[in-house]
Amino acid sequence: MKNYTRLFVLAAGLFLFAVSARAHVYLDPKAPMEQRVEDALSRMTLGEKIAIIHAQSKFSSPGVARLGIPGLWCTDGPHGIRAEVKWDEWEQAGWTNDSCMAFPTLTCLAATWNTDMALLYGKSIGEEALYRGKNVLLGPGVNIYRTPLNGRNFEYMGEDPQLSAQMVVPYIQGVQQNGVAACVKHFALNNQEDGRHVVNVTLSDRALYEIYLPAFQAAVQNGGTWSIMGAYNRIWGQYACHNHRLLVDILRGEWGFDGAVISDWGGVSNTDEAIHNGMDLEFGSWTDGLTEGRSNSYDAYYLALPYLEKIQRGEVGTKELDDKVRNVLRLIFRTSMNPDKGFGSLCSDAHAQAARQIAGEGIVLLKNESPVLPITADKKSILVVGENAIKQMTVGGGSSSLKAKYEISPLQGIRERAAQNGADVQYVRGYVGDIVGEYNGVTTGQDLRDDRTPAELTAEAVNAAKQADIVLFIGGLNKADHQDAEGYDRLQYDLPYGQNELIAALAKANKNLAVVILSGNAYAMPWLNDVPALVQAWFNGSETGHALAEVLFGDVNPSGHLPFTIFPTLEDYPSHQYGATAYPGINNEVEYKEDIFVGYRYADLYGQKKPLKYTADGRQYTINPPKHKPLFAFGHGLSYTSFSLGKATMNGNTVTVGIRNTGSRQGKQVVQLYVAPRKPGIVRPKKELKAFRKVSLNTGEEQQLTFELSNDMFRYFDADKHEWVLDKGTYDIYIGTSSANPETKIEYTVK
Ligand code: BGC
């Protein structure tokens, strides 16, 4: 070859190389994200763009095979990795290698009040997702605990916006450090399951911004969540999955979200609205069991052919489509095309340890007189009563149902631990509740049938209780419909299946009684005065029994605190003060008439003579003070040791308070900081949680804790001006270990 020919070939080669290198910016993980997105977008055909914004199967969406862009695999969430289902059905795929570690439910995580536990949780579940080839974890949920009847409260983080906000951030970070996206749900105002597909929520902007949005905002702005799931319900008359105000104005406009909005399964119901109002990725439409039920209907999705045809007919342009594709591409680059993601791990010892530790830290000792707990080594005959001592709880409850590799029941955990003391453990059933043990084809394999009458079961339990050194009643709710389960709300505030009567009978039979409740919700406690010890033990997944036994026997000192208020009756809850208008709604209209007075914000009005009357964005509010004090306040939780808080001091914006373990064993305590305006210019809650810290202290040990105050902690949302307002003046900073017990206070002036 002549020299100039060689040169020509070289130049041409270099040119082609340069062109092709530029041509594949989207494949270069080091290139700036937006360049990659634009590059990939510019190569996609109209059909490929439409394909990428809706599902191809129950839990997956396609990528662009022609360009080597992989799709996305989603999984429930939020307590473990869901078992594999068939391509187009909810039924099990029948795999034998898809069991997971079941982590405690999110109420338990919230009850740890420990952000390190949230990070550990996120990291561990993220690793499980990765191992199973999942790119998007459908969770965590941060809908506010508005009524104890909400069947899905167990999947959420309680009643307080700050607690949820501060716990959700590390959870997301832990998940996403694996190259797996969190998908924070259900945005927003999905606060009941009753009528969840149709209810229309109306509320003041103040309640929206102060109570219902902060955790989502923190998830976006502090947690950097890569995706968010629209809710099923309507707000201001428009479905959440294509709600212009929520998704366009607030999520993108005010918060600057750059991730993808994923629909709840079957949450999209209108092509035009989905096009224009911020829905990016449609899942579950026509899904049998949720909406109308058609097979392999993916082309019929609202954002599939109906959208394509509108574009082809010239009814809409492609600007909105390109924006959706950009959001989905970003999600793909961050997850399925993330070159830094590793391999993850499934059911590892580390995950078992994490599940056990989180459960142990979340269990709340509500009451402990005499003290009955911890169980001492001299208790040689232990009686365990109640269905929840043996019932597998990881199966059931809706989409969070799991196929756990194993689940240690409370009875098993107690038996193993009692053996170390040479104690004998007897078990009697006490009551029969739910014996189903199956969800979407996953079965527990337990046969819980028992045909005896309640009278026979009670008599057996009472007789056995009389003989025992100590009685542990283990009951509560379960994952059956109308208990703690998706799709339904509870029908009553009382514990079901005659448990109230049984507990009362056991209390008469033996003074050494500890009641242990597994639930994700509060319940009535007509027997409380007769029961010396009460433990709130949630649903704690694979390590349930081990974690519970460690707390009951004192190997782990309880340190959980309530993430919600427990009132004596249903009528004491603010959302139940206004009849059906406020819950469950009339003709599918629900008005949040209690406004910002949710949970302890309402409980704090106890003792006030007159109702609060005020107007917020044009609506009249009347808040009647509660008739009863809570049985247990938000933030309450006992320990086997004791602590004392010193006097708070202030230096500039820094509050310092000493905390000392004054008891005889190591323990953890939750120090909570609340802000209280002295003379608010407008109606405000008496106090609001703004910061908290969990500390571990050995006997006699003392630690100085510091909290930085910032202006954000003092603002309220002015709905008329549509902005956060800071009132100058004097505030009290309360510091304590429950919302009912501000042990030290100090003044602070906002200048
Ligand atoms: C639930 C979601 C869940 C989805 C997929 C829906 O019914 O509301 O929380 O992630 O199903 O299973």
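This is a predicted model: local features need pLDDT of at least 70, side-chain atom pairs count only at pLDDT 80 or more; totals for chains, interfaces and linings use all residues.

Me: Helices then. How do the axes of α2 and α12 cross?

Reply: Helix α2 covers residues 33-43 and helix α12 covers residues 319-334. Their axes come within 9 Å, with a crossing of roughly 120 degrees.

Me: Which residues make the contact?

Reply: From α2 you have Met 33, Glu 34, Arg 36, Val 37, Glu 38, Ala 40 and Leu 41. On the α12 side they are Asp 322, Val 325, Arg 326, Leu 329, Arg 330, Phe 333 and Arg 334.

Me: Switching to aromatics. How many aromatic pairs are there in the whole structure?

Reply: A search finds 29. One of them is Trp 286 with Tyr 302, a stacked pair at 5.5 Å centre to centre and 20 degrees between the planes.

Me: Where do Trp 286 and Tyr 302 lie?

Reply: Both are in the loop between α10 (271-276) and α11 (305-312), so the pair ties together parts 16 residues apart in sequence. Trp 286 and Tyr 302 are both buried.

Me: What about Phe 597 and Tyr 614?

Reply: That pair is edge-to-face, 6.3 Å centre to centre with 65 degrees between the planes. Phe 597 sits in the loop between β18 (589-591) and α18 (600-603), while Tyr 614 is in strand β19 (residues 612-616), 17 residues apart.

Me: Are Phe 597 and Tyr 614 buried or exposed?

Reply: Phe 597 counts as buried because its relative accessibility is 0%. Tyr 614 is at 9%, so Tyr 614 counts as buried too.

Me: Which residues form an aromatic cluster?

Reply: Trp 113, Tyr 600, Phe 634, Tyr 674 and Phe 692 form one.

Me: Last topic, His 242. Where is its place?

Reply: His 242 is in the loop between β8 (238-239) and α9 (244-254). With a relative accessible area of 0%, His 242 is buried.

Me: What is His 242 in contact with, leaving aside neighbours within four places in sequence?

Reply: Leu 247, Gly 267, Val 268, Ser 269, Asn 270, Glu 273, Ala 274 and Asn 277. As for Gly 266, its C-alpha is 12 Å from that of His 242, and the two residues are 24 apart in sequence.

How values were computed: Residues are numbered from 1 along each chain as its sequence is written. Side-chain values use heavy atoms; hydrogens and water are left out. Axes are lines fitted to C-alpha atoms, for helices over the stretch in contact, and angles run from 0 to 180 degrees between N-to-C directions. Helices (H or I, at least four residues) and strands (E, at least two) are DSSP runs, numbered from the N terminus. Contact means heavy atoms within 4.5 Å. Rings of Phe, Tyr and Trp (its six-membered ring) pair if their centres lie within 6.5 Å; planes under 30 degrees apart count as stacked, over 60 as edge-to-face and the rest as tilted. Buried means under 20% relative accessible area, exposed over 50%, partly exposed in between (1.4 Å probe, protein chains only).
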